[in-house]
Every structure is written in C-alpha cells, then in structure tokens.
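Subject: The model you asked for

Hi,

Here is the structure to open in your viewer. My notes on it follow below.

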Amino acid sequence: MVQTTADMNDILKDMGLAAKAAAKALRKSKTGEKNEALLAMAEALEENKAFILEENKKDMMHSKEAGYQDAMVERLALNEARIESMKDGLKQMAALPDPITKTQDQWVNKDGLRISKRSVPLGVIGIIYESRPNVTVDATGLCLKAGNSVILRGGKEAINSNKALVKVLQEGLSKTSIPADSIQLITDPSRELAAEFMKFNEGLDCLIPRGGANLIQSVLKNATVPVIETGTGNCHLYVHEQADLEMAESILVNGKTQRPSVCNALETLLIDRSIAEEALPALADALMQKGVIVHGDETVCSITDDAVAAEEGDYEKEYLGNEIAVKVVEGYEDAIGHIEKYSSGHSDAIITGSYSHAQNFLNDVDSAAVYVNASTRFTDGAEFGFGGEIGISTQKLHARGPMGLEALTSYKYVVEGMGQTKG
C-alpha cells in the first residue's frame, strides 16, 4: 500500500508528540537517572548480542545481493567487538559530567539583577544517516545524556540492524525512569518520508545528517528544520621536507589503511619535491603492500612504479576505500594552497620536525581538526574523550569537529530580581 503525504504526516506527528513529551521529561531528569538509563542500555546490548548480530546478518546479505560498494558493506557490518565498543561508549557517557548542570556564566548588572547563562538541551533531535548501525547507539546515548529525545532515520540497507538496536535500547530504558520514547526509529525507508522528515519543524528542534556527500547535500538543500552539517572527509597528509620519514610512513599507512571507509581516513598525500625522490618509493610501496591504488601526478608516476596517472577530480574525492591521491608540491606554501583548494575542512595533518612550520600549519589550515605528527584517524568523539560522537561538523556555527555532549546543548538566560522595574 502506497502511503500518502497525509499518512506520512500522521506518522511523523505521532512520533513528534511522543518525542516532545519525552524531551520534557528528560529536561527535568536528574543526572543519576540519565546515567542509570545509559548503563541499562549498555547492559541490554550485552544481553542481546546474539539477536543484534543475527539481524545484522540479514542486512549484510541484502547489501551484498544488491551489489553495494565494499566501503558501505564494511560500515554496515557488526561483530562482537563493535557491539562491545558501543556498550563501552554508553558507559563512558554515563561517567562524563552532565552538560545540563552547568552555569556558564553569572553576574549582577547595574540594576541588581542576577543574570545567569545556563546550559539547556536542544529538545528533539532528528538524525538522518546511512549504513553505520553504531550511529544508532552513539546518537541515542549522547542525546539522552544531554537531555534530548531523538528520532532516528537510518538507511534502508541497515533497517534490520537499526530496528534490533532500538528495540534493545528501549528495553533497557523500560527498566528505568527515562521514557522509552526518548528514542524512536522511522522504519519506513522511503525517500518521500525522509523528505517530510527534513521539513518536520513542528516536531524537530534540530536535524543532523550523517553520511555521504549526496545525503548531506540533499538535507542542506531540502530541510526547513535547522541543520548542523556534518561534512565529508577529504583529509590530507602533508610530508614536509623536514619530516621524519619513518614517522611519515607509519602515520600514512595508519591514516589510509587502518579503516579506509570512514570520514577521518586519509584521501590525499602531499610531499615536498625536495624529498620526493628519496621518500616517495618507500611511502608508495607501503601503501601498495596494503592494496592501496596510488593516483599520482606526473612526478609521482615518474618516481613510483605502478602509480596510476591522477586526474584533477582525484584530488577532490573522498574515496572511502583503498585509493589515494598523491601530489608533489613545491614547498610549504604550495601545500597550503592545495589544502585550501581541495580540503573539505574535516581533518588535515603535517609531518615535520620544524617547530615554526608546525605552528604555521596549525594557524594556516582552517579545518575542524588540524594535526602535527599524528594520524587524522584520531578525529573521533571517543578518542577526544566525549564517549562517542553525534557526527563531525565541518561548519563553524554552533558546533565544529567531533560533536559530543556540549554540541547537543544550547543555553538560556535566567534573570533573578527583587522587584526591579525598568525606568
């Protein structure tokens, strides 16, 4: 049966009313109650591993039959280690300070009014995402700890996994004082309902997309709900002429191959011409031994066996797989110019032994996370100590970089007086 726009609106309206009621309850919940809920959800994940993995197998089978790219299949896959990681993330969130108990600032004005700036939840948060079931758990935990309810809309490729996870998380919540409707899942994967969700202003206070460039652009173009943009990751590694080449090789291989399907993986390698003859053969060989296809400029191809000639578009790509673009640059300024032109503003790194160049790089590169002598794979909420992340924002308004608890709050001014009136 084909659903009409009215049917879709009714579905969203019911979810929105439940989410608003849950958000009101969460706003009044004590820190201990929220932490108890997070731990109960973690325990529910542990107790229901077999069920979750069985449902994930269905999605894996369907994705392979549908011929999805390897990167999407890899992001979709769950195993005991990944469930353990989700469970640990919830426990870490429970141990973190409650952002809603904070008074950011307080002062008394000339009229004797006590003015306080207090953190408050955003309210009802919508998450629209693709393929990665761990987002279901991370988003739920972070939203709940920050006092928000959440409506999730995952991709059709992960529908069985997401249904299983939400069912398990709601079972955990049912044993606590936190409403089970604090987390809801849209189970209709149609694009039509997704489009209505993007315009669900009466039910959502904020919409956060997590996924590829096409999804993010679709949300930005079509949403009327306020959006926090999480960006794609065309991440760069610049090997400066004063780099430790053993360190550069280690960081390059880690950044590109440790998990190539994620947004903080390296997609472009830049190397100074003065060290290219010496360094490139070893760096390229280390990548190729891991099965990485090297797309190189003319100099790269002349120095490196088996490199593929790069086209202009290769430097714009987020490969999300075993491919990388490599370019020889004329020096520091040339590298900075390339990053300014092609970087998506996610994460970029320099390898150098020069303190002055390192500090200049940190100032010159305007990305959400900028690294000196370290892998971009650390751009992650858990690695930053947030217990997880709602996404990695590449915009500058409201939130930037890995978005933890603080990014899911706003603030209000509380003004206390003793009968003052304005003259």
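First, a word on the UniProt annotations: their positions are given in the numbering used here, feature names are shortened, and annotations may be inferred rather than shown by experiment. This is a predicted model, where local features need pLDDT of at least 70 and side-chain atom pairs count only at pLDDT 80 or more, while totals for chains, interfaces and linings use all residues. Residues are numbered from 1 along each chain as its sequence is written, and side-chain values use heavy atoms, with hydrogens and water left out.

**What UniProt says**

An unreviewed UniProt entry lists residues 28–55 as "coiled-coil region". In the model that span is 89% helix and 0% strand, with its end C-alpha atoms 35 Å apart. Helices (H or I, at least four residues) and strands (E, at least two) are DSSP runs, numbered from the N terminus. The unreviewed entry also gives "domain: Aldehyde dehydrogenase" for residues 18–288. Those residues are 52% helix and 17% strand, and the end C-alpha atoms sit 52 Å apart.

**The whole chain**

You'll find 14 helices and 16 strands in the protein chain. The C-alpha trace spans about 75 × 65 × 40 Å along its principal axes. Of the 423 residues, 53% are buried (buried means under 20% relative accessible area, exposed over 50%, partly exposed in between, with a 1.4 Å probe and protein chains only).

**Pockets**

A pocket here is an open set of points on a 1 Å grid over the protein atoms alone, where a 1.4 Å probe fits, with protein on both sides within 12 Å along at least five of seven lines; lining residues have an atom within 4 Å of a point. Grid points are joined across faces, edges and corners, and a volume is the space filled by probe spheres set on the points.

The largest pocket has about 1200 Å³. Its lining has 44 residues, with Met72, Glu130, Gly211, Gly212 and Leu215 nearest the centre. H9 contributes the most to that lining, 6 residues. By class, the lining of the largest pocket has 18 nonpolar, 15 polar and 11 charged residues (Ala, Val, Leu, Ile, Met, Phe, Trp, Tyr, Cys and Pro count as nonpolar, Asp, Glu, Lys and Arg as charged, and the others, Gly among them, as polar).

The second largest pocket holds about 680 Å³. It is lined by 32 residues, and Ser85, Arg132, Asn134, Arg259 and Asp380 are the closest to its centre. Helix H5 (80–95) and helix H6 (134–145) are the elements giving two or more residues to this lining, and H5 gives the most, with 7.

**Cysteines**

How many disulfides does the structure hold? The count is 0, a disulfide being a pair of cysteine sulfur atoms within 2.5 Å. For Cys206, the closest cysteine sulfur is in Cys143, 8.7 Å away, so the gap is too far for a bond. Cys206 counts as buried because its relative accessibility is 5%.

**One glycine to look at**

Gly337 lies in helix H13 (residues 332–342). With a relative accessible area of 32%, Gly337 is partly exposed.

Cheers
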